[in-house]
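Colleague: I would like to learn how to read a model of this kind. Please take me through it feature by feature.

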Amino acid sequence: MTAFLPAKATPMSVAKTLQAIPLFSQLADDELARLAQVARERKYPKSSMILFEDDPGDALYVVLSGRVKVVLVGEDGREVILSILSDGDFFGEMSLIDDEPRSAHVIAMESSRLLVLRRHDFQMCLEETPRIAVSLLKGLTKRLRMADSKIGGLVLLDVAGRIARVLLELADDHDGVMIARKMTHNMIAQMIGSSRETVSRTMRTLVEQRVVSVSGKNITVLDRKALKAAAGLFR
């Protein structure tokens, strides 16, 4: 799903864009129109910082186009990627709910366009439109399940198993076969807490075993059963 706003966005075009975003897809036309009046578009160039960890949480962000990464940065500058978000994904909602500072940095991986809902407007929308709260809870639940899976993988799986689980999750975001997001070995390494060299060796083995195929930065899953076995997913 690709959301797009024309160069000069109107309330009508914003409402149409919002309707294509899962978080707002169940809203009625009048509810979308009210939301469109208060949403604002922002553009961020590649590698720009969108949010800093520990910043006050004052807005909800929805990705219209592009990709952003949610990261923790160690004192030595090493990045750990918590998630990669693209069209239709949202972030920043936790700080609006619990009034705590931002829990991680968010960085534009490529030129990105975002819709921004300020705290007051977001809370007003929740009060007036409970269906947004339901969609929000579904999104948060999905993230909690993914976090549980990631923590379990880091504790219980070897590097090959962690890579297999990430590949399956990325493929399932699309059609279960193609990994639509362009992923480098370094990005995968940052997602699983390993080194790029180790990821490269493991990926070469997966290609040789015809578990996946790689063309440039495009990855295709050829043998889901083998990946699931490596990832400890036997159902």
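Colleague: Is D172 buried, partly exposed or exposed?

Modeller: D172 counts as partly exposed, at 46% relative accessibility. Buried means under 20% relative accessible area, exposed over 50%, and partly exposed in between, with a 1.4 Å probe and protein chains only. Note that this is a predicted model: local features need pLDDT of at least 70, side-chain atom pairs count only at pLDDT 80 or more, and totals for chains, interfaces and linings use all residues. Residues are numbered from 1 along each chain as its sequence is written, and side-chain values use heavy atoms, with hydrogens and water left out.

Colleague: What is the average pLDDT of the protein chain?

Modeller: pLDDT is the predictor's confidence in each residue, from 0 to 100. The protein chain averages 84, and 94% of the residues score at least 70. Over residues 1-7 the pLDDT stays under 50. For that stretch the model has 21 contacts beyond four places in sequence, a contact being heavy atoms within 4.5 Å.

Colleague: Which residue forms a salt bridge with D172?

Modeller: Side chains of opposite charge can pair when their charged atoms come close. The rule for a salt bridge is a side-chain nitrogen of Lys or Arg within 4 Å of a carboxyl oxygen of Asp or Glu. The partner of D172 is R224, with the closest N and O atoms 3.0 Å apart. This pair links distant parts of the chain, 52 residues apart: R224 is in helix α9 (residues 224-230) and D172 in helix α6 (residues 159-172). R224 is also partly exposed, at 31%. Helices (H or I, at least four residues) and strands (E, at least two) are DSSP runs, numbered from the N terminus.

Colleague: How many salt bridges are there by this rule?

Modeller: The count is eight. Among them is D30 with R34, at 3.7 Å from N to O. Both residues lie in helix α2 (residues 29-38), four residues apart, about one turn of the helix. D30 is partly exposed at 46%, and R34 is partly exposed at 37%.

Colleague: Are K69 and E79 buried or exposed?

Modeller: K69 is buried, with a relative accessible area of 16%, and E79 is buried at 18%. Their side chains form a salt bridge, the closest N and O atoms being 2.9 Å apart. K69 is in strand β4 (residues 68-73) and E79 in strand β5 (residues 79-85), 10 residues apart. Elsewhere, D58, R102 and R118 are linked in a network of salt bridges.

Colleague: What is the order of the three strands in the open sheet?

Modeller: Strands of a sheet pair through backbone hydrogen bonds, either parallel or antiparallel. Two strands count as paired if DSSP finds at least two bridges between them. Here the order is β9-β11-β10, with antiparallel pairing. β9 (178-179) and β10 (212-215) stand at the edges, each with a single partner strand, so one side of each has no neighbour in the sheet. Four bridges join β10 to β11 (residues 218-221), and V214 stands opposite I219 in β11.

Colleague: At what angle do the axes of α6 and α8 cross?

Modeller: Two packed helices are described by the angle between their axes and the distance between the axes. The axes of α6 and α8 cross at roughly 70° and come within 10 Å. Axes are lines fitted to C-alpha atoms, for helices over the stretch in contact, and angles run from 0 to 180 degrees between N-to-C directions. The two helices are therefore roughly perpendicular, the term for 65 to 115 degrees; under 35 is roughly parallel, over 145 roughly antiparallel, and the rest oblique. V159, A160, I163 and L167 in α6 meet T198, V199, T202, M203 and L206 in α8.
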